Amino acid sequence: MSTPTGPANGLPVRMPRPRPSGRHRRPDPAAAPEGAPALVLAVPGAPSAAIRSLAEELVSIARSELPGLEAVIGFVDGDGEEYPTLAGVLTAAAELREERYRIAVAAGREVEAPQGPAAIVVPLLAGPDSAVMRQVRQAVMDSGNTAELTDVLGPHPLLAEALHVRLSEAGLARADRARLFTVATAADGIVLATVGGEEAVQAAGITGMLLAARLAVPVMAAALDQEGSIASVAEQLREAGAVQLALAPYLIGPELAEGLLDEASKEAGCPAAEALGAYPAIGKLILSQYSAVLGLPQQGAAAAH
């Protein structure tokens, strides 16, 4: 029996495990530099409570990877009230930086005047979408050009991993090629669905090759926003010998118009997996884009970008 001061005589005492040392020790996450620009996640699509929750979860992942990170959300099609506009968020970030500088000077601290961008904007897009990016660039201009814009999140091996996981969750792929069991509904051909036209299809094709290597089945990209693209690619896969197709959205979610995925699934005549959503690697890729602008060390697998 234990006593108020510890275990009874004769019982082993559990000692804390020492932290591993050497090259196998996981390094402590670096902290955001003092005065670093805010990370502003530019969220496309029609705002909703579900989309805001998704964006908040991804921002939370980024913050957990870089303690001290100031991260906020701006909606490309925001209303300025419940869903803050991207331009408004950027303007507020610049004003906040100036206010902090004035407070520090008034307090007698020796601080340098703010330099460089007040914010770094990371578009919440897996692949290129020229229409959305035009809106994002316009928001940066409207805010007084106090922000720097990064590229989209893909192509990247972590996105291929996320696609694989979503397919396996839907019962459309094995969770791991090394396992000795099969999934009865596993697809033998994947339609990788994206939005953004031909440029987006070409970019998705790069991640598609990585996914094909993981699944050992053919993967072809198609555009949800190009009439006939999904049906054409599905037909090509069937002509190449695929019998059981699956639709894999190469999309995070907010950029996906309501009902579009269901229509595409019917057009291709096959089941669809869920969009990538708040898969943890998405949050890490968001931080990776931000860190690259500042020249910060890349954390974990995202450094492969």
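Predicted model: local features only at pLDDT ≥ 70, side-chain atom pairs only at ≥ 80, totals over all residues.

Colleague: How many bridges join β5 to β7?

Modeller: These two strands run parallel. The number of bridges joining β5 to β7 is five.

Colleague: Which strands stand at the edges of the sheet?

Modeller: The sheet is open, has three strands and pairs them in parallel, in the order β6-β5-β7. Two of the strands each have a single partner strand, so one side of each is left without a neighbour in the sheet. From one strand to the next, the twist averages 30 degrees. The edge strands are β6 (219-223) and β7.

Colleague: At what angle to β6 does α5 run?

Modeller: Find α5 where it lies across β5 and β6. Its direction relative to β6 is about 155 degrees.

Colleague: How far apart are the end C-alpha atoms of helix α4?

Modeller: Helix α4 covers residues 157-169, which is 13 residues. At 1.5 Å a residue, the helix should span 18 Å. The distance in the model agrees with that: 19 Å.

Colleague: What do the buried residues of α4 pack against?

Modeller: The buried residues of α4 include Leu 158, Leu 159, His 164 and Arg 166. After the helix comes Gly 171, whose phi is positive, near 75 degrees. The buried residues pack against β5 (189-194), α5 (197-215), β7 (245-249) and α8 (280-294).

How values were computed
Residues numbered from 1 in each chain as written. Heavy atoms only, no water. Helix = DSSP H or I, 4+ residues; strand = E, 2+ residues; numbered from the N terminus. Expected span 1.5 Å × (residues − 1). Buried < 20%, exposed > 50% of the residue type's maximum accessible area, 1.4 Å probe, protein only. Contact = heavy atoms within 4.5 Å. Pairing = 2+ DSSP bridges. Axes fitted to C-alpha atoms, helices over the stretch in contact; angles between N-to-C directions.
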